Amino acid sequence: ALEVGPHPVLVYAITECFQQEGTSVRVFPSLHREREDNLCMSESLGGLYKVGIELDWSKIVTRPSQRVMLPTYPFQHQRCWTESFESASTRVVDNYHPLLGETKHGPQPTWNSRVELKLQSYLNDHCVRDACVLPAAAMIEIAGEAAQQLKSCQTITLRRIQMLGACVLDPEQPLNLQTDYLPDRRMLQLAIRDVDETTWRPLMTAEVSDDIHSEIFDPSALSAARSACDQPFSAAQCYDYCERVGLQYGQRFRGIQGGVRRVGEVVAEVKLDPSLADEASQYVIHPALLDSCFHSMVVADPNYDETVDGLFLPAQLREVRFLKSAGTNVTVHVRLISKTRYRRIADIDILDSSGQTCVLLRGFVSQRVGSAENKSTVHDLIYQCETHLKQWIKPAFSSREKDNFFETNTNLKA
């Protein structure tokens, strides 16, 4: 039935009349006072056509038209839709993760994705010595998401995370990234290759722990740290020093807003760039936000804002606990455990805007790959870094380095 009038006020009465006759009815309005006239009429015409009403299309489509006869034989079902791999993945895959990618069926859990600066454009802002480098934060995020999918729970623990190599990103050269889970070893392996190559290059390994007991964070520790850190610092100071070191972060990786510090400890406020806020829900913790939290280790360094003693890059972590999603605004608390000439070790707590713990990182080891005077390109530095990593078999902590950083400073000048 079609109710002709400025507003559908007789729908109930019309329905009642038909019910008394023992039939059902669909009522469509000609106009609606809260909707555009043409839109309302078009939708009602479409509804009438769907329920089987014959329409005089010559009154609706005034231009000349010709009926096209469709073939009577079955279609061949040949796909003629031109669509990129990434577009199809995000459209048809449930809970598609921008970096972990799509699950592949096989004897062991495997994920495949494509890393491309045109797709994950924010990665353009993560530069080291004038080259765009895939951040360690992105690899940790990938491993965290994979572990969550394997365990089907939000709280997960990764242990013995080892960076096996670095990855320089080229705007003209997309990369395939594969994540494998080895059930017998409970290990995640990340590897990468150029799209036109067959040889995979290892990036990172991490063990997925069955330990579901979350470390209890004492809120009073953060208050005590704020009181102990008596040197305020600004975002401009932080990133000016990072530039001197060789860490050339663009706007989307400049998340530190400011904070307080002392030698070996920092409390900082970190915010995800507004241009990335809509993406935050797709990640456990957005790589740009997590990487910005890592910048606090630079501020905690004893040489911060004074001298540059070298470039340190992430090498390994003893443990990472993902407890809940971080959102877009966090507070980060960094405690420097040890600093020698060749490596720096820190613990990091990340809390959301409500003060709840999101991520705990323990035994974060950064390896020195270049001196202050060294003007080597990033490719040379990566080679040095990978050489160190292959030779490095020491655990993240020795008994000597477990000493409290504030009780002894003997290893600062080592």
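Residues are numbered from 1 along each chain as its sequence is written, and side-chain values use heavy atoms, with hydrogens and water left out. Because the model is predicted, local features need pLDDT of at least 70 and side-chain atom pairs count only at pLDDT 80 or more, while totals for chains, interfaces and linings use all residues.

**Core.** The largest nonpolar core has 85 residues, of which Leu 134 and Ile 350 touch the most other members; such a core is a set of buried Ala, Val, Leu, Ile, Met, Phe, Trp, Tyr and Cys residues joined through side-chain atoms within 4.5 Å. Apart from neighbours within four places in sequence, Leu 134 is in contact with Val 115, Leu 123, His 126, Met 139, Cys 167, Leu 169, Leu 177 and Leu 203, where contact means heavy atoms within 4.5 Å.

**Helix packing.** Helices (H or I, at least four residues) and strands (E, at least two) are DSSP runs, numbered from the N terminus. Axes are lines fitted to C-alpha atoms, for helices over the stretch in contact, with angles running from 0 to 180 degrees between N-to-C directions.

| Helix pair | Angle | Axis separation |
|---|---|---|
| H5 (residues 136-151) and H8 (residues 287-300) | about 125° | 8 Å |
| H7 (residues 235-245) and H8 | roughly 80° | within 10 Å |

H5 is therefore oblique to H8, whereas H7 and H8 are roughly perpendicular to each other; angles under 35 degrees count as roughly parallel, over 145 as roughly antiparallel, 65 to 115 as roughly perpendicular and the rest as oblique. On the H5 side the contact is made by Ala 137, Ala 138, Ile 140 and Glu 141, and on the H8 side by Pro 287, Leu 290, Asp 291 and Phe 294. In H7, Cys 238, Tyr 239, Tyr 241 and Cys 242 meet Ser 292, His 295, Val 298 and Val 299 of H8.

**Two buried residues.** Asn 303 lies in the loop between H8 and strand E15 (311-322), and Asn 303 is buried because its relative accessible area is 14%; buried means under 20%, exposed over 50% and partly exposed in between (1.4 Å probe, protein chains only). Beyond its neighbours within four places in sequence, Asn 303 is in contact with Tyr 241, Asp 309 and Lys 339. Leu 188, in strand E9 (residues 187-194), is also buried, with a relative accessible area of 0%, and its C-alpha atom is separated by 9.5 Å from that of Thr 110, 78 residues apart along the chain.
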